[in-house]
Amino acid sequence: MRECPNCSKELVPFEFARVQLEACPQCGGLWFDADEMKRAKAAGDDAWAMLDAGIPARSPAAVAAVEQRKPGKKCPACQAPMRPYRFLATSDVWLDECEACGGHWVDDGELAKMQAFLVHSRKADEKVPAEAVAAMAGLAAQARMSQERATAVTAVCRGLMTAVAGPRW
Ligand SMILES: [Zn+2]
Ligand SMILES: [Zn+2]
C-alpha cells in the first residue's frame with residue numbers, strides 16, 4: 001500500500017494514456033514511478049494539463065496540507081526521504097524526487113503550472129533565434145553597406161589619382 005506523502009491517505013491507482021499512475025483522493029497529489037512522468041507527457045502536448053484537470057477538486061483540509069509543505073516528504077514507493085527541486089530549475093514549481101527509486105511526487109495543480117511553464121519557455125526559445133536571425137541579417141546588411149562604401153571610396157580615390165596623374169599644364 002502506498003500512502004500520500006502529504007496526508008497519509010492510501011493512493012488510488014488509475015490509468016492515463018496507458019500509464020499506471022497513483023493519485024491521492026484527498027489532496028489530488030500524483031505519484032509517478034521512475035519514467036512515468038515522461039511517458040504521460042508523450043500522450044500529447046497538453047497531456048499534463050489534461051491530467052491535472054482530471055484530478056478531482058481537493059478539500060480545504062487537503063489544500064492546507066499541501067500549503068504546509070513539509071520538507072523531507074517520504075517516498076510513497078520506498079519510504080526514502082524525497083528531495084524537493086524546482087521543475088526545469090527556473091520555474092516556481094517545486095516537485096519532490098525520490099533519488100532512491102527515481103519516482104516523482106507532484107502536488108495538485110502543479111502539473112498545469114509545469115505545462116504552462118514549458119509552453120512559455122518554448123516560446124522564449126523560439127523568440128531568441130528569430131531575434132538572432134534578424135540581428136545577423138542586420139549585420140550582414142551593414143557589412144554589405146560598408147563594402148559598397150569602400151568600393152565607392154576606392155572609385156573616388158582612383159578618380160582623384162587619375163585626375164592628379166592627368167595632363168599637366
Ligand atoms: Zn494527499
Ligand atoms: Zn522511492
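Of the 169 residues of the chain, 25% count as buried, a residue being buried if 20 or more other C-beta atoms lie within 10 Å of its own, exposed if 12 or fewer, and partly exposed in between, with C-beta atoms placed from the backbone. The model is a predicted one, in which local features need pLDDT of at least 70 and side-chain atom pairs count only at pLDDT 80 or more, while totals for chains, interfaces and linings use all residues. Residues are numbered from 1 along each chain as its sequence is written, and chains are lettered from A and ligands numbered from 1 in the order in which they are written.

The chain holds four helices and six strands, taken as DSSP runs (H or I of at least four residues for helices, E of at least two for strands) and numbered from the N terminus; in that direction their order is β-β-β-α-α-α-β-β-β-α.

Phe87 lies in the loop between strand 4 (83-86) and strand 5 (94-97), and it counts as partly exposed because it has 18 C-beta neighbours inside 10 Å. Beyond its neighbours within four places in sequence, Phe87 is in contact (C-beta atoms, placed from the backbone, within 7 Å) with Val93, Leu95, Met114 and Phe117.

Definitions and conventions: Two residues are in contact if their C-beta atoms, placed from the backbone, lie within 7 Å.
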